[in-house]
Amino acid sequence: MSIQSVLKRNDVSAATASAPKDEARLLRRIAAGERRAFEELYRIYHPRLTRFLSNLLRKPEMVEEVLNDTLMAVWRRPDSYTGASKLSTWVFAIAYRKALRARSRFDEPIEDKGAETRVSDEASPEQQLGRRQVQEALLSAMSQLSADHRTVVDLTYFHEFGYKEIAEIMACPVDTVKTRMFHARRNLKTALPGGLTDWL
């Protein structure tokens, strides 16, 4: 059992269910000025970006602002997508850059321990409890990481991006991503309860 399957939530799995080709078609329609296509893309990315930005920024009032700035950038500049990467990589890269700029205006916020503890409604009560405990333990451990390390872990385990895609999102070399993940995992293994370290 992978940590991805344990932690995957309805909003993330529903968002990732849309095929990259469908998303590329949506972007072409957005470039043609179709508001309906933009609304559909917004519904796909809103839960994923909310999850990502909540973990990166840890300041709820900033999350919606950065998320909306990100998706407005997609609406205004769909032609800046070159197709060199997956559309999701491009969108997350925009969100990451905007989040860094927003975060630079504020001190590192205090962790919201109550955030992101929801689990899939389709799971049994026992599975819900197990997932909630795993998620709470991981999020608590992640709160002790630096912002860069949290971002790498979040993109890997919650959004299932590969190192190459994460490097594109964070605008750094793949080796830097690997190094950050190495240190993040090492720190998480120290912070997590015994059995959970097997999933890292």
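Me: In which crossing, left-handed or right-handed, does H4 pass H8?

Reply: This is a predicted model, in which local features need pLDDT of at least 70 and side-chain atom pairs count only at pLDDT 80 or more, while totals for chains, interfaces and linings use all residues. Residues are numbered from 1 along each chain as its sequence is written, and side-chain values use heavy atoms, with hydrogens and water left out. With handedness set by whether the near helix is turned from the far one by less than a right angle anticlockwise (left-handed) or clockwise (right-handed), the crossing of H4 with H8 is right-handed.

Me: How are H4 and H8 oriented, roughly parallel or roughly antiparallel?

Reply: Helix H4 covers residues 35-57 and helix H8 residues 147-157, and their axes lie 9 Å apart. The angle at which they pack is about 160 degrees, taken on a scale from 0 to 180 degrees between N-to-C directions of lines fitted to C-alpha atoms over the stretch in contact. Because angles over 145 degrees count in this class, H4 and H8 are roughly antiparallel.

Me: Which residues of H8 make the contact with H4?

Reply: Contact here means heavy atoms within 4.5 Å. On the H4 side it is made by Arg51, Phe52, Asn55 and Leu56. The residues of the two helices in this contact divide into four nonpolar, two polar and three charged, and those from H8 are Ala147, Arg150, Thr151, Asp154 and Leu155.

Me: How many of the 18 residues of H6 are buried?

Reply: Across the protein, buried residues (under 20% relative accessible area, 1.4 Å probe, protein chains only) make up 46% of the 200 residues. Helix H6, residues 87-104, is mostly covered, and its number of buried residues is 13.

Technical notes. Helices (H or I, at least four residues) and strands (E, at least two) are DSSP runs, numbered from the N terminus. The expected span of a helix is 1.5 Å times one less than its number of residues. Buried means under 20% relative accessible area, exposed over 50%, partly exposed in between (1.4 Å probe, protein chains only). Angles under 35 degrees count as roughly parallel, over 145 as roughly antiparallel, 65 to 115 as roughly perpendicular and the rest as oblique. Ala, Val, Leu, Ile, Met, Phe, Trp, Tyr, Cys and Pro count as nonpolar, Asp, Glu, Lys and Arg as charged, and the others, Gly among them, as polar.
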